[in-house]
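Dear colleague,

Please find the structure below, handed over for your files. My notes on it follow.

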Amino acid sequence: DTVHLGRLTLSLGLRFDHYSLLVDQTGWSPRLGASWNLAKTGTVFHASYDRTFGTPAFENILVSASPQAQALNDSAVYLPLQPSRGNYYEAGFTQSIAKHLRLDASYFLRDIHHFQDDDLLENTGVSFPIEFNRARIRGIETKLQVPLWGKFSGFLSYSNGRGIAELD
């Protein structure tokens, strides 16, 4: 839902997920977004928080859990994939510049437990879902935009991110 309180806008939501393919788990995912509009300067500040519940990829998950697949490698131990749970944070601003330009900039951070990924089978196109214990992804996104100036519009953007996943 969206609530407007003068220059403050709040966006609130709640999602419920139930996953029961190889494990049986549920998750509540609250979402909160807020923006503050400073009309005099043409600036909007924004921040958001999402707690996520992500189910493992379904592609080949039953094959990778089969006894036949586990018998291919006796040095590995199979553990059922857990749904990922994460906390996503973002903060930034939008600034109007001289009526024809807009600058957007954001910083984001994502902390995820049971981070999902894929593993290729011997450099083939066949992949199997895997998970890391946790991952931390952070970065920035910027965009300078000309929304519409006569018949001209365009943008220039820059993004930079770094992600680290850990097995233990």
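In which sense do strand β5 and strand β6 pair, and over how many bridges? Strand β5 (residues 84-97) and strand β6 (residues 101-120) are antiparallel, and 13 bridges join them. I97 stands opposite L101 of β6. Please keep in mind that this is a predicted model.

The two strands belong to an open sheet of eight strands, ordered β1-β2-β3-β4-β5-β6-β7-β8, with antiparallel pairing. At its edges are β1 (2-5) and β8 (152-166), each of which pairs on one side only. On average, neighbouring strands of this sheet are turned by 15° against each other, direction ignored.

There are three aromatic pairs in the structure. One of them is F16 with W28, a tilted pair with 4.8 Å centre to centre and 50° between the planes. F16 lies in strand β2 (residues 8-19) and W28 in strand β3 (residues 25-38), 12 residues apart. F16 is partly exposed, at a relative accessible area of 44%, whereas W28 is exposed, at 52%.

Y49 and Y89 form another tilted pair, with 5.3 Å between centres and 45° between the planes. This pair links strand β4 (residues 43-54), which holds Y49, to strand β5, which holds Y89, across 40 residues. Y49 is partly exposed, with a relative accessible area of 25%, and Y89 is partly exposed as well, with 38%.

Two charged side chains also sit over rings. R110 lies over the face of F108, 4.9 Å from the ring centre. The charged end of K143 is placed over the ring of F155, at 4.6 Å from its centre.

Regards

Conventions. Residues numbered from 1 in each chain as written. Predicted model: local features only at pLDDT ≥ 70, side-chain atom pairs only at ≥ 80, totals over all residues. Heavy atoms only, no water. Pairing = 2+ DSSP bridges. Helix = DSSP H or I, 4+ residues; strand = E, 2+ residues; numbered from the N terminus. Axes fitted to C-alpha atoms, helices over the stretch in contact; angles between N-to-C directions. Phe/Tyr/Trp six-rings, centres within 6.5 Å; stacked < 30°, edge-to-face > 60°. Buried < 20%, exposed > 50% of the residue type's maximum accessible area, 1.4 Å probe, protein only. Lys NZ or Arg CZ within 6 Å of the ring centre and 35° of its normal.
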